[in-house]
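Visitor: Could you walk me through this one? I'd like to start with how charged side chains pair up.

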Amino acid sequence: MIRGKFITLEGTEGVGKSTNLLFLKDFLEHRKIPTVITREPGGTLLAEKIRHLLLDPDSETITETAELLLVFAARAQHIKHVIEPALAQGNWVLCDRFTDATYAYQGGGRNMKISTIEWLETTIQGPLRPDLTLLLDAPIEVGMDRAQKRGKLDRFEAERLVFFERVRRAYLLQLELNPERIKLIKANQDLPDVQRSIADALRVFLR
Ligand code: Z5A
């Protein structure tokens, strides 16, 4: 059995990750590539409970350290019970956010030490890294505007603009540090144009 590929979608809120994950799935399945769609935080029963704790706007104040550890606790479950088995069975795993989000939100947004995130990444993931990451990038206001149309804001969405500016900068730093793996997709375009850019990146990856 040939191991599947691990593809992640990243970006600040409302840039179109969930929408384009479905496009990605159709694109690959059209080429007879079996896919499994999943998301972080989440993807297993326990990890979805942790997601709920992390997003709950009415929770007590969650310390930066607790937030970071909760994200990685969910990830440990997700890797063991969903991602690794799916890859081993030859599926391509398409994941809405992964550890680049930790560098962006907990590293950039919350100013947690990058060396601590790196240590957790190595400890929890071992050698597992995405084979390809599509970073959907747009000015913060664009995604916020799209997300706010949905109603009540979650604990992250309720953050101020400066927080998301730090998150976006941290994502762009991840791109700079990992140019082979991470491909930039300009998300501030009409959806068909975004999807044309995603298809182009995938065709290059499939070569
Ligand atoms: N988090 C963290 O802190 N650390 C971590 O390690 C991880 C996560 C893994 C939950 O993520 C939170 O967890 C996240 C960071 C934290 N918080 N924030 N913010 P999430 O992925 O569930 O949250 P999200 O980014 O807010 O997801 P989202 O709002 O669903 O955004 P999206 O998936 O990128 O967008 P969408 O749902 O596909 O699109 C939003 C709307 O825009 C929708 O109506 C679309 O039809 C529309 N759309 C999409 N593309 C376009 C274009 N091109 N033009 C016009 N309209 C469009």
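Predicted model: local features only at pLDDT ≥ 70, side-chain atom pairs only at ≥ 80, totals over all residues.

Visitor: Which residue does Arg110 meet in a salt bridge?

Guide: The N to O distance in this pair is 2.9 Å. Helices (H or I, at least four residues) and strands (E, at least two) are DSSP runs, numbered from the N terminus. Arg110 sits in the loop between α4 and α5 while its partner is in helix α3, so parts 43 residues apart in sequence get tied together. The partner is Glu67.

Visitor: Is Glu67 buried or exposed?

Guide: Buried means under 20% relative accessible area, exposed over 50%, and partly exposed in between (1.4 Å probe, protein chains only). Glu67 comes out at 0% relative accessibility, so the label is buried.

Visitor: What strand does Asp137 lie in, given its pair with Arg168?

Guide: The side chains of Arg168 and Asp137 meet in a salt bridge at 2.8 Å, N to O. Arg168 belongs to helix α7, so the pair ties together parts 31 residues apart in sequence, and the strand holding Asp137 is β4.

Visitor: In the open sheet, what is the order of the strands?

Guide: Two strands pair if DSSP finds at least two bridges between them. The pairing here is parallel. β2 (35-39) and β5 (182-186) each have a single partner strand, so they stand at the edges. The order is β2-β3-β1-β4-β5.

Visitor: How much space lies in the largest pocket?

Guide: On a 1 Å grid over the protein atoms alone, a pocket is an open set of points where a 1.4 Å probe fits, with protein on both sides within 12 Å along at least five of seven lines; lining residues have an atom within 4 Å of a point. Grid points are joined across faces, edges and corners, and a volume is the space filled by probe spheres set on the points. The lining has 28 residues, with Glu13, Lys17, Arg51, Arg97 and Asp154 nearest the centre. The space is about 620 Å³.

How values were computed: Residues numbered from 1 in each chain as written. Heavy atoms only, no water. Salt bridge = Lys/Arg side-chain N within 4 Å of Asp/Glu carboxyl O.
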